[in-house]
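Work through the exercises below with the sequence and the model side by side. Each task is followed by its solution.

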Amino acid sequence: MRPGLDTRPDFPVLDQQVNGKPLIYLDNAATAQKPRQVIEAISAYYERDNSNVHRGLHALSMRATEAYEKARARVARFINAADPAEVVFTAGTTDSINLVAQTWAVANLRPGDEILLTEMEHHSNLVPWQLAAARAGAVIRYLPIAGADAEHGLDLARLDEFLTPKVKLFAFTHLSNTLGVVNPAAELCRRARAVGALTLIDAAQSVGHETLDVRALGCDFLAFSGHKMCGPTGVGALYGRRELLDTMPPWRGGGGMIENVEFVGSTWKPAPERFEAGTPNIAGAIGLAAACDYLDALGRPAISAHDHRLGELARAALDELGAPGLRVLGPRAGEPRAGIVSFAFAGIHAHDVITFADQQGVALRGGHHCNMPMMKKLGLPSTARASFYLYNTEEDVAAFAATMRKVVRFFG
Ligand code: 7TS
């Protein structure tokens with residue numbers, strides 16, 4: 001199956017010219033485009049059912065409540081959670097991780113405890129832990145990535161050195177947004193469990209691209225965003241094991257999360273409502289559920305195979321340029337990689353590469369990709385990045401390669 005060829009007509013935004021050239025959208029790691037099915041699900045909700053949830057007994061409110069809770073069950077099924085109550089709707093990955101950092105971590109971390117991260121974490125799986133660790137007097141350690149001239153995967157040979165009984169939580173990305181590396185998440189969870197540490201998987205880049213099953217992974221928490229998996233912006237989810245969520249204190253107070261309120265003191269609902277104060281993003285949750293339907297109809301094994309193939313083709317195309325001093329991050333040439341390829345030409349600034357590509361209608365991204373500490377370690381202030389998704393095609397890779405040839409000729 002070649003979903004890139006089959007799905008393109010579902011995405012109206014792709015059918016346009018940019019700077020007089022057909023749009024080639026290769027910025028999917030930043031955000032994915034939305035199929036008609038998702039756009040229509042959101043419109044239908046606003047056109048027919050719009051109402052607030054959980055608080056009304058009139059027809060529209062009951063319909064909105066049912067759609068919102070059905071969306072929760074749909075998202076639970078998408079990640080194979082045992083119980084919809086294990087899915088908390090949030091504003092996205094960043095929000096989900098902050099929830100754990102400000103509730104579980106505040107309640108459980110003691111001075112001297114360790115949080116283990118990896119050097120390839122996005123700032124949103126790094127800064128929330130710095131805030132939580134500073135408050136608790138806890139220590140953050142980073143599992144290194146392998147050396148600069150090696151394949152840039154995690155240095156798993158050193159895992160035992162870092163994963164000691166002092167570690168209370170191991171939080172790591174499933175798929176690096178800069179390196180295109182897929183980490184062995186089930187193995188990392190198993191090793192963490194063996195020393196009594198909980199695990200949090202940042203699935204921002206993986207949930208819409210890779211086969212993902214929270215029970216098979218054996219994780220305690222998993223965070224993701226709707227907008228990177230064909231869903232809307234402003235919505236995402238935190239998966240947490242039920243026994244854990246119910247022991248965690250709330251973080252935001254307000255309507256919807258309480259059982260009883262007195263002038264002095266209140267009591268909380270169980271999870272997930274405990275963590276969803278205020279009117280939730282109802283349309284967002286419905287759009288996210290429609291994205292789950294869309295992706296499950298294609299099947300993540302097919303999407304993953306498609307993305308990986310385009311990533312590997314793009315890497316090979318960069319190598320074929322023969323540009324002196326070109327650095328391509330992540331897996332070596334010929335090794336499996338996800339559909340994310342970051343690279344730097346010697347003497348050509350990434351922003352020049354991106355601006356030049358934009359003139360050709362090719363949307364890339366350049367910068368530190370919110371991986372500042374890792375980029376500093378690699379000695380790179382910025383890279384350009386091409387990232388592929390289910391509607392991209394081999395022709396898109398060819399257009400990317402042709403544009404990069406022009407970049408090398410123009411700036412080289
Ligand atoms: N974690 C990873 C691995 C990410 O790639 C991103 C966003 C986030 C967390 C944060 O997600 P958010 O939806 O809460 O913002 N990554 C990128 C990127 O690579 N370019 O733009 C956003």
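**Exercise 1.** Find how β16 and β17 pair, and over how many bridges.

Solution. β16 and β17 (residues 383-387) pair in the antiparallel sense over 3 bridges. Two strands count as paired if DSSP finds at least two bridges between them. Helices here are DSSP runs of H or I with at least four residues, strands are E runs of at least two, and both are numbered from the N terminus. G367 stands opposite T383 in β17.

The model is predicted: local features need pLDDT of at least 70, side-chain atom pairs count only at pLDDT 80 or more, and totals for chains, interfaces and linings use all residues. Residues are numbered from 1 along each chain as its sequence is written, and side-chain values use heavy atoms, without hydrogens and water.

**Exercise 2.** Which residues of helix α8 are buried, and where do they lie around the axis?

Solution. Buried means under 20% relative accessible area, with a 1.4 Å probe and protein chains only. In α8 (residues 185-194), A185, L188, C189 and A192 are buried. They cover an arc of only 100 degrees, taken from the directions from the helix axis to the C-beta atoms. These residues therefore lie on the same side of α8. They pack against α7 (159-162), β7 (167-173), β8 (198-202) and α9 (214-217).

Definitions and conventions: Buried means under 20% relative accessible area, exposed over 50%, partly exposed in between (1.4 Å probe, protein chains only). Contact means heavy atoms within 4.5 Å.
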